[in-house]
Amino acid sequence: REKLEGGSDVSTDELRTLIEFSSELVAITGYDGHFGLLNMAWETTLGHSREELRSRPLIEFVHPDDREKTRTMIDRLMPGIPLFSFQNRYVCKDGSYRPIQWRGFTSAQAQRCYTVARDVSKQQQADEQRNAFDAVCEQSRDAILMGSLDGTITEWAGAGERLFGHSRDDLVGKLVAQFLSFEDGRPANLLDLPAPPAGADRV
């Protein structure tokens, strides 16, 4: 507590309030396999009330395919582990599942697990989209260029290096105008280029 407070005058009620309104999923779990302390984030993330979550063994809320590895992890934690991290899926009130990333430690003396977890579904979706994009790029026979509104190149993929000789490291972070020119060799500024005719495809 002294390390947490850093010499400041913080009351127990203030610490409880901080935990209660944290966006992280804070939990204290007994070695009996039941949740003890749970903060509000559990209700907003999964839809179950805290009373529901405490009333049944926590393993019943775990995806059936993840239960064996979860039991194995719990067994390994029983002797007391200073820090651990793992991921499994928890069922929501509507029947869907959320991937939960756990971090925490266990105390054999207190026979409790102290954890801070988070819903990583958005991160997984972003990773899946990125992997799909990479797969499309790998198969593309065209150069794929992406950029920000100010003209900075943010992605160079597909057959770009084979067609134009520039590697991704050569282009990302630079202005696309640096690599454009008119037929007579004059550099082209994207802002000065004529607008495409009505009905033309936009890139």
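Tutor: A salt bridge is a side-chain nitrogen of Lys or Arg within 4 Å of a carboxyl oxygen of Asp or Glu. By that rule, a search of the whole structure finds eight salt bridges. This is a predicted model, in which local features need pLDDT of at least 70 and side-chain atom pairs count only at pLDDT 80 or more, while totals for chains, interfaces and linings use all residues. Residues are numbered from 1 along each chain as its sequence is written, and side-chain values use heavy atoms, with hydrogens and water left out.

Student: What makes arginine 50 and glutamate 20 a salt bridge?

Tutor: Their closest N and O atoms are 2.9 Å apart, and the limit is 4 Å. The pair links distant parts of the chain, arginine 50 in helix α4 (residues 50-55) and glutamate 20 in helix α2 (residues 12-20), 30 residues apart. Helices (H or I, at least four residues) and strands (E, at least two) are DSSP runs, numbered from the N terminus.

Student: Why is arginine 50 called buried?

Tutor: Buried means under 20% relative accessible area, exposed over 50%, and partly exposed in between, with a 1.4 Å probe and protein chains only. Arginine 50 has 14%, so arginine 50 counts as buried. Glutamate 20 has 21% and is therefore partly exposed.

Student: What is the label for lysine 93, and which residue is its salt-bridge partner?

Tutor: Lysine 93 is exposed because its relative accessibility is 52%. The partner is glutamate 52, with the closest N and O atoms 2.5 Å apart. Glutamate 52 lies in helix α4 and lysine 93 in the loop between β3 and β4, so the pair ties together parts 41 residues apart in sequence. Glutamate 52, at 28%, is partly exposed.

Student: How do you know that β6 and β7 pair?

Tutor: Two strands pair if DSSP finds at least two bridges between them. Strand β6 (residues 143-147) and strand β7 (residues 153-158) have five bridges, in the antiparallel sense. One of the contributing residues is glycine 147, whose bridge partner in β7 is isoleucine 153.

Student: What makes a set of residues a nonpolar core?

Tutor: The residues must be buried Ala, Val, Leu, Ile, Met, Phe, Trp, Tyr or Cys, joined through side-chain atoms within 4.5 Å. The largest such core here has 22 residues, and Phe35, Trp42, Leu53, Tyr90 and Trp102 have the most contacts inside it. Strand β3 gives the largest share, four residues.
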